[in-house]
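Biologist: Please display the model, so that particular residues and elements can be discussed.

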Amino acid sequence: MEIKNQLTMKLQSLSENVGIARIAAAAFAAQADLPISEIDEIKVAVSEAVSNSVIHGYGNDPKAGIIECTMTLYEEMLEYIVIDYGKGIEDIALARQASYSSDPERMGLGFVFMESFMDELEVRSEVGQGTTVRMCKKFSPRKTH
Ligand SMILES: Nc1ncnc2c1ncn2[C@@H]1O[C@H](COP(=O)(O)OP(=O)(O)OP(=O)(O)O)[C@@H](O)[C@H]1O
Ligand SMILES: [Mg+2]
């Protein structure tokens, strides 16, 4: 698949940067022929992934590390990859279950939103190494006359 455009951001692990990633994700998605409702879904999915890196990956410690967010536009697909080098996930299948959270104060819905709002969701993680979340949204290319 030919890459049409690509953007990589390196964010400090700060909750303020979740909103910046969210806006950047939407701005990048505007290149695709998508309805606003699907751009809104991308905003939610990307901000859930970045906030997981801030909260869980780096334990809310702003000096803990860097989050890399790469956005790629293909002919018929947008791909968002969010990487942290934090604590990692021990049991990915369990973490992805609806209502599962390692924090009793949280809803445990982040992965559920990512899964239901995007067409593909891939989670890779190693304890002590970090986590990579890859999400894709497909669309029909603009018709040219
Ligand atoms: N980047 C990450 N690094 C380490 N652990 C993670 C990461 N992302 C998710 N997890 C683990 O997976 C669990 C489920 O994540 P999910 O986003 O679905 O729910 P949550 O973050 O706990 O709650 P919510 O997203 O509803 O606030 C988390 O509680 C956490 O234990
Ligand atoms: Mg979450």
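Biologist: Which residues does Ser13 touch, not counting residues up to four places away in sequence?

Modeller: This is a predicted model: local features need pLDDT of at least 70, side-chain atom pairs count only at pLDDT 80 or more, and totals for chains, interfaces and linings use all residues. Residues are numbered from 1 along each chain as its sequence is written, chains are lettered from A and ligands numbered from 1 in written order, and side-chain values use heavy atoms, without hydrogens and water. With contact taken as heavy atoms within 4.5 Å, Ser13 touches Ser53, Val54, Tyr58, Asp61, Pro62, Gly65 and Ile67.

Biologist: Is Ser13 buried or exposed?

Modeller: Ser13 belongs to the loop between strand S1 (3–12) and helix H1 (16–29), where helices (H or I, at least four residues) and strands (E, at least two) are DSSP runs numbered from the N terminus. Buried means under 20% relative accessible area, exposed over 50% and partly exposed in between, with a 1.4 Å probe and protein chains only. Because its relative accessibility is 1%, Ser13 counts as buried.

Biologist: At what angle do the axes of helix H2 and helix H4 cross?

Modeller: Axes are lines fitted to C-alpha atoms, for helices over the stretch in contact, and angles run from 0 to 180 degrees between N-to-C directions. The axes of H2 (residues 36–57) and H4 (residues 110–117) come within 9 Å and cross at roughly 145 degrees.

Biologist: Which residues of H4 make this contact with H2?

Modeller: On the side of H2, the contact is made by Glu41, Val44, Ala45, Glu48, Ala49 and Asn52. The residues of H4 are Gly110, Phe111, Phe113, Met114 and Phe117.
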